[in-house]
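Trainee: I'm new to this one. Could you walk me through how to read its features?

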Amino acid sequence: MKIPVIINDFSGGQAEDIRNFSTNEQETSSNFDVYTNPHYLTPYIDMIAETTSAGTITDYALTDVDAITVAGTTSLVALGRESSGSSKPQFFRKSSSSDITSTWQAYAVGVNTVVAGTLTVYKGNAYCLGDTTTTHNLQKFDGTGAVTTIGVLGGYGTPVGRPFVHPEDNIMYMLSANILSKYDGTTFTATALTLPSDKVGVSLTSYSGYLVLTCRPKNGVGNSTAYLWDVGSAPSTVQAVLDLGAGQVNIVESLYNNLFFVMSKGVVGSYSNVINNTLSIKGYAGGSVETIKEVNLSSALGTGLNVFKQKRDEHLFFAFSGDTAIYRFGKNKAGSYFLSHDRAYPTGTTGITGFSLIGDFLWLGYNTGATSNLFYRTRTAPDSLTYSTTSIYRTTVNQGMMIEDRNKNKALVAVLIAYTGIANGTTALKVSLDGSTFTTILSESNTGECTAEATSIISTGEPIGEGRELKFQGETTGGNKIKEIRYIYQVLPSQI
């Protein structure tokens, strides 16, 4: 009997187990939006290299972007460095307050070494952290021509996350090592709170009236921890301690009035080997901390998850430096949590230095070597929209198949991929049998509402292939959208 299987819901995100029975999860994906239209895999537009009005943008190593209002006009501000020979913080602004394609213009330089990913706009000014190798300091850019040092943080540890402005008291907080510092726009307090000395702070967020301070164990010995501190009363001790378990916490964020923690495998001291590399999302909604998602990672990624994060539409975006795309975590439109690769890195990326989501635009700082520090943003109409990046979606093993057939030897009789094509678009469907290299079955360049179908070779009666475990990979370039993957299999005779 020939049995058809249809895969047309792509919203489940990355599977924790690629042999699970879910019909909407993936083994992996890259550069497809799996959230906006659950039954449509929509590729993201290519990014475009940003430019500067003077100098060379690779010298400036821009990392992150925010919006700032100067003399009543809102424009975009970016953080970078003075040059390839000077790591001092340098602030930039777009040369036009209305044209997103305009160049970046250098304005003012600070002191010491810039800490990438720490740009924060607060009370009309832009701020960043500087690093002297023994201390961190807070530096302020007035939006026009001056950078001043506000104060030296009470602790020193790396990595250090972006300063955070709590919405309840409108005070900016900074966490370095085990010391919390704060600034209210007038008064800088180097030590507002002291945490245990065996902790290193990495990320901040708010949880109702609390400030959440998330810490790793120093030297990797012990569990990661989150502390809840009441900003209203500002006591000398924390009000709650959350044990996050073994591993290295990197990010905390508040979504849906709950807390979520992004964790990777930790190492002890200088021992850098990681076995069974995983990425975990843990959640807290009162009570105990629970694991929401845990997925396997390539051993090549190691513990390289950075502390850069962006929150948008109750979704959390974060990244590994050596990965292929930014991760996205949140609830899909069915109300279930999903974790998936989202926008792909540009070709040749070897290390993410920062990223920002402002409005409809993504900015991404990355490097391709010691001297190539590039800065890209999402394209817009004046840039001529292109889709040269290959977007991929890989199914789980035997996705959608009847449970009783999953371990039986099967013939792959026919496959079909349905897609919406545009000019110069291409769509391909590949198959892997029993873990073999993916082989192209279909490759089409049609436009319009299209389907492509492959069946067994009629003249010989031979199937497309045989195996116990089938996986499919859809790929598009040129902006084609995948609507459905369909396959027909037939169980081969066996004794059981």
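Predicted model: local features only at pLDDT ≥ 70, side-chain atom pairs only at ≥ 80, totals over all residues.

Trainee: Which residues line the largest cavity?

Mentor: Look for Gly161, Arg162, Leu175, Val202, Ser203 and Leu204. Strand β19 (residues 199-207) gives the most to that lining, with three residues. Sorted by class, the lining has three nonpolar, two polar and one charged residues.

Trainee: Now the nonpolar cores. Which residues touch the most other members of the largest one?

Mentor: A nonpolar core is a set of buried residues such as Val, Leu or Phe, joined through side-chain atoms within 4.5 Å. The largest one here has 27 residues, and Val415, Ile417, Phe472 and Tyr487 touch the most other members. Two or more residues come from each of β1 (2-7), β35 (410-421), β36 (426-433), β38 (448-455), β40 (470-477) and β41 (481-491). Apart from that core lies another, of 16 residues, with Ile251, Phe260, Leu305 and Phe320 among them.

Trainee: And what does valine 415 touch?

Mentor: Leaving out residues up to four places away in sequence, the contacts of valine 415 include Leu429, Ile441, Leu442, Phe472 and Tyr487. Glu453 and Arg486 are also among them.

Trainee: On to charges. How many salt bridges does a search of the whole structure find?

Mentor: For a salt bridge, you want a side-chain nitrogen of Lys or Arg within 4 Å of a carboxyl oxygen of Asp or Glu. The search finds 18. Take aspartate 33 and arginine 328, whose closest N and O atoms are 3.7 Å apart. This pair links distant parts of the chain, from strand β3 (residues 32-33) to strand β29 (residues 325-331), 295 residues apart. Both aspartate 33 and arginine 328 are buried, and a network of salt bridges links Asp33, Arg328, Asp342 and Arg343.

Trainee: Is aspartate 313 buried or exposed?

Mentor: Aspartate 313 counts as exposed because its relative accessibility is 64%, and the cut-off for exposed is over 50%. Its salt-bridge partner is arginine 312, at 4.0 Å, N to O. Arginine 312 is partly exposed, with a relative accessible area of 22%.

Trainee: Last topic: the backbone. Which peptide bond is cis, with omega near -5°?

Mentor: That's the bond from threonine 158 to proline 159. Proline 159 sits in the loop between β14 (147-152) and β15 (164-165). Also check phi at alanine 61, which is positive at about 50° although the residue is not a glycine. Threonine 133 is not a glycine either, and has a positive phi of about 85°. Alanine 61 is buried at 15% relative accessible area, whereas threonine 133 is exposed at 60%.

Definitions and conventions. Residues numbered from 1 in each chain as written. Heavy atoms only, no water. 1 Å grid on protein atoms, 1.4 Å probe; cavity = no way out; pocket = protein on both sides within 12 Å on 5 of 7 lines; lining within 4 Å. Helix = DSSP H or I, 4+ residues; strand = E, 2+ residues; numbered from the N terminus. Nonpolar A, V, L, I, M, F, W, Y, C, P; charged D, E, K, R; others polar. Buried < 20%, exposed > 50% of the residue type's maximum accessible area, 1.4 Å probe, protein only. Contact = heavy atoms within 4.5 Å.
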